[in-house]
Amino acid sequence: MTRRRLRLYDYPASCNCYKVRLLLAHLGCPYERVPIDIFNGETLTDDYARINPMRTTPVLETESGGHLPESNAILLYLAQGTTYLPDDALELAQVVRWLIYEQTDIVPMIGGLRFRLLVGRLRPSDPDAIRRRNGAAEVLSLLDDHLGAHDFFVGGGYTVADIAIYGYTHLAHEAGLDVQPYASLRSWLQRVEAQPGFVEDVQPYGANAAPGAGRSLYD
Ligand SMILES: N[C@@H](CCC(=O)N[C@@H](CS)C(=O)NCC(=O)O)C(=O)O
């Protein structure tokens, strides 16, 4: 079988995409980035639907030419056999448990709030912004409590659970959230940033992310 170079279909302002770039950087793994401007209708084409019928980024094109969507599925795939994914069955399940929480709670409350405020889809006083801000306070408090007793999310070492949670949590301030009260969380952010190969390359949203300015799943 011909082995191809990994290819990442990637929107540079998305922290779901950044999570994958961060793991690839830790692994020192070469790959080709295929920029997808999600607010320029680039996920709405028939070609993109063949790569990912859910029309989201990121998507990983694997060395055998298959396409894997979902950021956390990509993290699990790339981390297999590395120190970023535990072998122990219970620790592995704990990683999956945090990956699920990241998608169900962290992304909508912190990532979703940040995106909508930054691009003008919500004002801070809107009821949906208040709902998300209250949810984000619960999330930050839960994460901080866990990190009060643990250096990393699972098993004492840095895993893809940390990478996934770092993705949107490290930009909580851009959602108008104050992380100052969460000392354990702030120490953990520093521990993540000290890991070998760490990068932070999240780009700002383009002007076409504003409501009505572009074409995307959100419009
Ligand atoms: N659960 C998915 C969520 C992916 C997602 O919502 N990606 C956004 C960017 S953060 C996207 O590509 N949206 C496509 C569009 O709006 O056209 C994952 O983790 O990969």
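This is a predicted model: local features need pLDDT of at least 70, side-chain atom pairs count only at pLDDT 80 or more; totals for chains, interfaces and linings use all residues.
Residues are numbered from 1 along each chain as its sequence is written, and side-chain values use heavy atoms, with hydrogens and water left out.

To start with the ligand, 15 residues surround it, and the closest are T43, T57, E70, S71 and Q103 (a residue is near a molecule if one of its heavy atoms lies within 4 Å of it). Polar contacts are pairs of N or O atoms within 3.5 Å; within protein, one must be able to donate a hydrogen and the other to accept it, and residues adjacent in sequence count only if both atoms are side-chain atoms. The side chain of S71 puts an N or O atom 2.6 Å from an oxygen atom of the ligand. For T43, a side-chain N or O atom is 2.7 Å from a ligand oxygen, and T57 uses a backbone N or O atom, also at 2.7 Å. On its own the ligand has 520 Å² of accessible area, and the protein covers 88% of it (Shrake-Rupley method, 1.4 Å probe; for residues, only the protein chains shown count as cover).

T57 sits in the loop between α2 (46–51) and β3 (59–61); helices (H or I, at least four residues) and strands (E, at least two) are DSSP runs, numbered from the N terminus. T57 counts as buried because its relative accessibility is 13% (buried is under 20%, exposed over 50%, partly exposed in between, with a 1.4 Å probe and protein chains only). Leaving out residues up to four places away in sequence, T57 touches several residues, among them Y9, N16, I38 and T43; contact means heavy atoms within 4.5 Å.

Next come the helices. Helix α6 (residues 160–169) is largely enclosed by the rest of the structure, because ten of its ten residues are buried. Those buried residues pack against α1 (15–27), α3 (71–79), α4, α5 (127–149) and α7 (183–193). At the start of α6, a side-chain oxygen of T159 comes within 3.1 Å of the backbone nitrogen of A161.

Helix α4 also holds I110, which counts as buried because its relative accessibility is 0%. Beyond its neighbours within four places in sequence, I110 is in contact with residues including Y168 and T169. L92 is in α4 too (residues 89–118), but counts as partly exposed because its relative accessibility is 30%.
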